[in-house]
Amino acid sequence: MDLPKHYDPAAVEPRLYERWERNGYFHAEPDAARPPFIICMPPPNVTGRAHLGTASTFTAMDVLTRYHRMLGNNADWLPGTDHAAIATEAVLVRELAREGTRRESLGRERFVERAWEWSRTYGGAIETQFRRLGFGPDWQRSRFTMDEGLSAAVRRVFVQLYREGLIYRGTRLVNWDPAGQTTVSDAELERVERDGILWRIRYPFDRDETSTGIEIATTRPETMLGDVAIAVHPSDSRYAGAIGRSVWLPPLLQREIPVIADDAVDPEFGTGAVKVTPAHDPLDYEIGVRHGLAMPGVIDLDARITGADVDVGTFAGLGRFAARDRILEELRAEGLLLASAPHRHAIAISERTGDIVEPLLSLQWFVKMAPLAEPALKAYQEGKLRFVPERHGKTYEYWLRNIRDWNVSRQIWWGHQLPVWYTDAGDEIVAESEDEALELAQRQYGTRTLRRDSDTMDTWFSSGIWPFSILGWPDATPELRCWYPSQVLVTAGEIIFLWVARMVMLGLHFMGRVPFPDVLITPTVFDEVGRKMSKSLGNAIDPLVLAETYGADATRVSILRQMRLENQELRYQESRCEEARNFNNKVWNATRYIVGLPEGLPKAMVLPARETLTHADRWILTRLHETIVAVDAFLARYDFGNVAETVWRFIWYEFCDWYVEATKASANRATRAGVLSFVWNNAMRVLHPIAPFISEEVWLALPHDGPTIVTAAWPDAQEVPTFDRDARDFERLQRTVERVRNVRAAIGLHPRARVEIDVPEDVPEELCDLLALQTAATVERSAAVGKTLDEALAAVSVRAPRGILEERYRKDLKTLQMEIDRGERKLGNESFVAKAPANVVAKEREKLDGYRAELARVEAALHALKEPA
């Protein structure tokens, strides 16, 4: 079979992927007779694009799925995308603004139609990118979180939780995005370090005599209009006499607020006394709940000062930052602004709009989390849920122990609209459909006049039921029966509490089992100097650019070789892509050698008889066995870095560099062809999960069974014979070859120049021939040493050509004499000897003595060389 001289991934990879997908090789049906291996793809945003972090996480999933499919498991990787409610709505709002219109002008129905159209037009981009990177999920089962089936499941979960008393409507503190006009989850916030100012302000005990009082430090004076208390730590002796007293609230000085004690106050921050504004700060909210404080809001949904709950004077209607400036002016005028200092602190920014998020009280829908968290925590503690690396379980445990109720309503139009209706009297009806809501309203309230809640659900709500909703729940489908729970979740560490924990809680609640026993957290990607990759730093690398430049296989292998799960840090170097491309070329050249053997390859993949095998054959078979065993063990513990390194080492260094060269000395051509074909076929199957394209292209060029390597059987180590003694003998020969090569390099021999070596008679002829081949040597047999093979090989000696050695020695003498002259001049300089530190002078003397001793040795060697043999 004639193969192209060069391997071209740009031609091979798209052709093979199209064939795989067209023939349905990634598709599976539930099969209860086989062990399942199911991975639910973390659904990327429909607006998303693949980055290097995505590539590392999804490559791991692809490796595992391909491996378990080859093992014969009922393996399926279930894909899908998330509707990305806030991100998609933000894109559409910007588009409408460019067209000179607004969402409200368009109307909800037309806006949602446009969102669907946008999702269908642009939503497939990331799946196209996944195909280019060689990812092989079951595309026939791809789901979208707004699909009708998934939407019905979302409604069912919401209604059931409501009827169980686990969803309620209430006023609580939320993250409010003033620009987006919606609540946002913690996952949609970016904590940005910014330079600010810490102001020190006095709250006077007497409004007529403001020179005494309690001083506080704050970065947000605009919220002080809503202060309801000053809090200090109960053990802070500075304020022991103030607890229980009242102070006047500046700058209006129209309202008294109490001084209270609370353990949450940090005595080391600022003055040790903090203003308490429960309606606009998470910590203050908790203090307010504990002490039963009033919670007046002073910042509205447009981030303007409002006097709806409390008198705010002339500040009403001002934007929050304009109000800050005015309040500071008045405090300064009243002598209550005592000091200001630069202060760098984290600001919560909405990822979607870039606006500063405002904590405020709002009437929203919440899920009661404590009853759901308890069984999820117990599952982890009982070992039913495992994190890899293990330390991430502490993050999961911490969040569940400190859980708060989950705000699930969003003030946007794109997404799952709340299945909630209201009567004219304000009574709430929660139902799975409008017909059901009308029936309930008639039965319970005697009316059929209803208004539907305009809010939609947090995107994470639909993602939380992803592991069972994509299998057809609530219907008892074959997929749900066979494929729940899945075997492993592969994801990033930053969403352990936002997504992983919620899937566990909801899976336990609705399915009675954890949705996956293992949670694999992939490393965070950094650049090669240790900076996290980001667009702002300009160090982000597009994996699609890498795939176009080096090929998808090279991109995948470069990622996997640098993946170390334990330290959770992938410092990516693009040079590894170049190395991986060279690796592919090595594989291709070895394949061309194998398929080009003059004797041809056997039609069946059957090993030749044992008695015909050479030492090299027996060594490579033993190493193949050991490689399969090692890769199986590494994959069982998700150690992808060692998987890639083990396969790389076997293919490049052992098979290509050693075994292929050894076969060139083989006398039995039929045996040579049979072993090469057997080992290379198995090697390609071991390579396939990490480099699917080149392994398929090579496998199809070899004797094989079946239409594709994708569905071929994983190599069984027990079917590969081992020859430990012969393998160790070959490794002894390798060490001897390396020793001879080092001698050649030391004397400066040209790679093609032959060298004479003396080999004891008790080194077997086969090994002697290999030694000659691998070192470009002419062998002279010497007397047997009569001991072990180790000792016989240790007695191998090199006879270097006299002329080459003489030339080398003369060059060495010239170099050494120059170093000696330099050292003598330096030490002969009295100024240097007098002024330099004693250890520096001693070091120079030591170097000079060394050069002189080496000069004497080389002179003696040259003299001996000139003597008659």
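The model is predicted, so local features need pLDDT of at least 70 and side-chain atom pairs count only at pLDDT 80 or more, while totals for chains, interfaces and linings use all residues. Residues are numbered from 1 along each chain as its sequence is written, and side-chain values use heavy atoms, with hydrogens and water left out.

**View 1. Helices H20 and H22.**
The view shows helix H20 (residues 615-636) and helix H22 (residues 669-687), whose axes come within 11 Å and cross at roughly 15°. Helices (H or I, at least four residues) and strands (E, at least two) are DSSP runs, numbered from the N terminus. Axes are lines fitted to C-alpha atoms, for helices over the stretch in contact, and angles run from 0 to 180 degrees between N-to-C directions. H20 and H22 are therefore roughly parallel to each other. Their crossing is left-handed; a crossing is left-handed if the near helix is turned anticlockwise from the far one by less than a right angle, and right-handed if clockwise. From H20, Asp617, Ile620, Leu621, Leu624, Ile628 and Val631 meet Thr671, Val675, Phe678, Val679, Asn682 and Val686 of H22, where contact means heavy atoms within 4.5 Å. By class, the contact of H20 with H22 holds nine nonpolar residues, two polar and one charged. Ala, Val, Leu, Ile, Met, Phe, Trp, Tyr, Cys and Pro count as nonpolar, Asp, Glu, Lys and Arg as charged, and the others, Gly among them, as polar.

**View 2. Helices H18 and H19.**
Helix H18 (residues 552-561) and helix H19 (residues 575-595) have axes that come within 8 Å and cross at roughly 120°. That angle makes H18 oblique to H19. The crossing of H18 and H19 is right-handed. Asp553, Ala554, Thr555, Val557, Ser558 and Arg561 on the H18 side meet Arg576, Cys577, Glu579, Ala580, Arg581 and Asn584 on the H19 side. The contact of H18 with H19 comprises four nonpolar, three polar and five charged residues.

**View 3. Aromatic pair Tyr7 and Trp588.**
The structure holds 36 aromatic pairs. Tyr7 and Trp588 form a tilted pair, 5.3 Å centre to centre with 45° between the planes. Tyr7 lies in the segment before helix H1 (9-22) and Trp588 in helix H19, 581 residues apart, so that the pair links distant parts of the chain. Rings of Phe, Tyr and Trp (its six-membered ring) pair if their centres lie within 6.5 Å; planes under 30 degrees apart count as stacked, over 60 as edge-to-face and the rest as tilted.

**View 4. Strand E7 and its partners.**
Strand E7 (residues 189-204) pairs with strand E13 (residues 337-350) in the antiparallel sense over 13 bridges. Two strands pair if DSSP finds at least two bridges between them. Leu198 stands opposite Ala341 in E13. E7 also runs antiparallel to strand E8 (residues 213-218), joined by six bridges, and Thr218 in E8 is the bridge partner of Trp199.

**View 5. The four-stranded sheet.**
Four strands, in the order E6-E5-E14-E16, form an open sheet with antiparallel pairing. Strand E6 (182-183) and strand E16 (406-407) stand at the edges with a single partner strand each, so one side of each is left without a neighbour in the sheet. Two bridges join strand E5 (residues 167-177) to E6, and Trp176 has Thr183 in E6 as its bridge partner. Helix H8 (residues 282-291) packs on the sheet and touches E5 and strand E14 (358-367); the direction of H8 makes about 145° with that of E5.

**View 6. The three-stranded sheet.**
This open sheet has the order E15-E23-E22 and parallel pairing. Its edge strands, strand E15 (386-388) and strand E22 (488-492), each pair on one side only. The twist averages 25° from one strand to the next. Three bridges join E15 to strand E23 (residues 518-522), and Asp518 in E23 is the bridge partner of Arg386. Helix H2 (residues 52-70) packs on the sheet, touching E22 and E23, and its direction makes about 165° with that of E22.

**View 7. Backbone details in loops.**
Most residues other than glycine have a negative phi, and most peptide bonds are trans. A cis peptide bond joins Pro250 and Pro251, with omega about 0°; Pro251 lies in the loop between strand E10 (246-248) and strand E11 (256-261). Another cis bond, between Trp473 and Pro474, has omega of about 15°. Ala84 has a positive phi, near 50°.

Methods. Angles under 35 degrees count as roughly parallel, over 145 as roughly antiparallel, 65 to 115 as roughly perpendicular and the rest as oblique.
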